[in-house]
Amino acid sequence: MLQRTRRQTTQKLAVVLIAVAALVCLLPPHAIVRGARNGAIAGRVELRRVASAERRPTVAELGTPSASLDVSDRLTSVVYLDSAPRGAFEQVETPRAVMDQRGERFVPHVLAITTGTIVDFPNSDRIYHNVFSLSKVRTFDLGRYAAGHSKPVRFDRAGVVRVFCDIHSHMNAFILVFSHPFYSLTDNDGRYRIDNVPPGTYNVIAWNEGSSSDARPVVVPDGGVAELDFTLR
Ligand SMILES: [Cu+2]
């Protein structure tokens with residue numbers, strides 16, 4: 001009688017343990033830390049080479065609509081996690097983004113997206129453009145199309161895609177494709193903020209106009225904000 005009760009208790013315990021194990025497996029890894037709240041990484045990117053970018057335009061450049069606007073374009077940096085926390089990224093729908101062709105410029109000059117995103121390239125100018133890229137991450141050539149028309153490109157691989165116009169050599173842009181959503185573009189003051197980061201240690205990189213900083217380690221506290229500033233030369 002006593003033995004049977006003991007056996008039943010053992011069986012019950014086993015069932016409970018299996019149930020707990022199954023529950024733990026179902027939870028995303030960062031949720032295993034009991035009561036852990038997501039935090040953020042925030043700071044500023046200082047560009048040391050802005051001084052040279054702000055030089056006076058040459059006479060030849062004055063007639064070019066892009067010449068005066070390129071400076072502000074070049075101020076946008078992107079700060080991102082070198083690798084994402086496991087299981088933290090689930091994307092249900094296909095995201096869409098837009099890179100416009102306007103005033104003989106690509107708008108925005110820097111676009112950051114996640115893998116699987118479809119980018120539309122509308123032509124908002126009265127002249128023809130021919131958008132193309134020779135980047136290994138995604139090679140494409142959209143051909144020439146008139147105002148009011150648009151063509152889509154899907155980006156399935158992570159990396160940096162350089163975008164050009166075959167007709168106007170001064171037109172260029174960057175598309176940064178990430179395999180996770182932990183990135184942030186800087187604002188006019190160079191400030192960035194990456195939200196919803198599970199607590200943990202990460203390597204963070206700052207990027208501007210094709211050059212990157214070294215990966216810098218940062219510890220995101222439970223529900224807190226880790227401060228991290230960068231200087232790019
Ligand atoms: Cu063009």
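The model is predicted: local features need pLDDT of at least 70, side-chain atom pairs count only at pLDDT 80 or more, and totals for chains, interfaces and linings use all residues. Residues are numbered from 1 along each chain as its sequence is written. The protein contains 4 helices and 19 strands; helices (H or I, at least four residues) and strands (E, at least two) are DSSP runs, numbered from the N terminus. Of its 233 residues, 24% count as buried. A residue is buried if 20 or more other C-beta atoms lie within 10 Å of its own, exposed if 12 or fewer, and partly exposed in between, with C-beta atoms placed from the backbone. Among contacts between residues at least 6 apart in sequence, 62% join residues at least 24 apart. Two residues are in contact if their C-beta atoms, placed from the backbone, lie within 7 Å.

- Strands of a sheet pair through backbone hydrogen bonds, either parallel or antiparallel.
- Two strands count as paired if DSSP finds at least two bridges between them.
- Strand β6 pairs with β12 (residues 172–178) in the parallel sense over 5 bridges, and the bridge partner of T114 in β12 is F178.

**Residue L142**

- Leaving aside residues up to four places away in sequence, L142 touches F121, N130, V131, F132 and K151.
- L142 and C165 are 23 residues apart in sequence, and their C-alpha atoms are 9.7 Å apart in space.

**The three-strand sheet**

- Another open sheet has 3 strands in the order β3-β7-β10, and its pairing is mixed.
- Its edges are β3 (96–98) and β10 (150–155), each with a single partner strand, so one side of each is left without a neighbour in the sheet.
- Neighbouring strands of this sheet are turned by 25° against each other on average, direction ignored.
- Strands β7 and β10 pair in the antiparallel sense over 6 bridges, and T117 stands opposite F155 in β10.

**Strand β15 and its partners**

- Strand β15 (residues 200–208) pairs with β2 (residues 78–81) in the antiparallel sense over 4 bridges, where Y80 stands opposite I205.
- Strand β17 (residues 216–220) runs antiparallel to β15 and is joined to it by 5 bridges; R216 in β17 is the bridge partner of V204.
- Strand β16 (residues 211–212) is also antiparallel to β15, with 2 bridges, and S212 in β16 lies opposite W207.

**The largest nonpolar core**

- The largest nonpolar core has 40 residues, and those with the most contacts inside it are V79, L111, I175 and Y183.
- Such a core is a set of buried Ala, Val, Leu, Ile, Met, Phe, Trp, Tyr and Cys residues joined through C-beta atoms within 7 Å.
- Several strands each supply at least two residues of this core, including β1 (39–47), β11 (159–165) and β14 (191–197).
- The largest share, 5 residues, comes from β12.
- Domain 1 (33–89 + 180–233) and domain 2 (102–176) both give residues to this core, so it lies between them; the domain bounds come from an automatic or database domain assignment.
- Y183 touches V78, V79, Y80, A112, F178 and I194, not counting residues up to four places away in sequence.

- Most residues other than glycine have a negative phi, and most peptide bonds are trans.
- A cis peptide bond, with omega about 5°, joins V107 and P108; P108 is in the loop between β5 (105–107) and β6.
- N196 has a positive phi near 60°, belongs to strand β14, and is exposed, with 10 other C-beta atoms within 10 Å.
- E209 has a positive phi near 45° in the hairpin of β15 and β16, which has 2 residues between the strands.
- With 17 C-beta neighbours inside 10 Å, E209 counts as partly exposed.

Methods. Axes fitted to C-alpha atoms, helices over the stretch in contact; angles between N-to-C directions.
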